[in-house]
Amino acid sequence: MAGALDSAFKNIAKQVVADLGQSFDHTITYTRKASPTYNTSTGALTTTDTTYSIKVPIEFIDSEEEEGREERKAKLYVTPNLIGNNQPTFEDTISLTYAGSSRVAQITDIRTFKGGQEYFFVIQVRF
């Protein structure tokens, strides 16, 4: 029973995010930061990042003055299939278009909704 309920929630979340994301007129770039590897012989630290271009619902929740500049906060609603079936991390980055220019946003909060499997993430960012 629990597996069937998880599958139903996962499918519903996927459909709602896809439908609402298509109404958003900008594509968001989600960059999954891979664990870095260190080569002891060369001293080089390398990472292999994976980039996903996604359309997801976004909710702008706050805009305030911070030390003479504007700081904005937003929530993005993401399903695992859009980001390679990965769990978001604070090291990942999100780029979005705001007021006509591309902005790199910092992830400040990740809410995971799941039962036996993850099916929905609410990611809060600031930029």
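1. Let's start with arginine 72: with a relative accessibility of 8%, this residue counts as buried, because the cut-off for that label is under 20%. Keep in mind throughout that we're looking at a predicted model.

2. Where does arginine 72 sit? Its place is in strand 6, which covers residues 69-78. As for a partner, the arginine 72 side chain has a polar contact with the side chain of glutamate 70, at 3.2 Å.

3. Aspartate 92 is another charged residue to look at. Its relative accessible area is 2%, so aspartate 92 is buried. You'll find aspartate 92 in the loop that runs between strand 6 and strand 7 (93-98).

4. What does the side chain of aspartate 92 contact? There's a polar contact with the side chain of arginine 32, at 3.3 Å. A polar atom of the aspartate 92 side chain also lies 3.0 Å from the backbone nitrogen of lysine 33.

5. Now for the surface. Asp62, Glu64, Glu65 and Glu67 come together there as a patch of negative charge. One of these, aspartate 62, belongs to strand 5, residues 58-66.

6. Is aspartate 62 buried, exposed or partly exposed? Partly exposed: its relative accessibility is given as 30%, and that label covers whatever falls between under 20% (buried) and over 50% (exposed).

7. To put the burial labels side by side: arginine 72 is buried at 8%, aspartate 92 is buried at 2%, and aspartate 62 is partly exposed at 30%.

How values were computed
Residues are numbered from 1 along each chain as its sequence is written. This is a predicted model: local features need pLDDT of at least 70, side-chain atom pairs count only at pLDDT 80 or more; totals for chains, interfaces and linings use all residues. Side-chain values use heavy atoms; hydrogens and water are left out. Patches are made of residues with over 30% relative accessible area and no salt bridge: like charges are joined within 9 Å, nonpolar side chains (Val, Leu, Ile, Met, Phe, Trp, Tyr) within 5 Å. Accessible areas come from the Shrake-Rupley method with a 1.4 Å probe; for residues, only the protein chains shown count as cover. A salt bridge is a side-chain nitrogen of Lys or Arg within 4 Å of a carboxyl oxygen of Asp or Glu. Lys and Arg count as positive and Asp and Glu as negative; His and the chain ends are not counted. The place of a charge is taken as NZ of Lys, CZ of Arg, CG of Asp or CD of Glu. Helices (H or I, at least four residues) and strands (E, at least two) are DSSP runs, numbered from the N terminus. Buried means under 20% relative accessible area, exposed over 50%, partly exposed in between (1.4 Å probe, protein chains only). A polar contact is a pair of N or O atoms within 3.5 Å; within protein, one must be able to donate a hydrogen and the other to accept it, and residues adjacent in sequence count only if both atoms are side-chain atoms.
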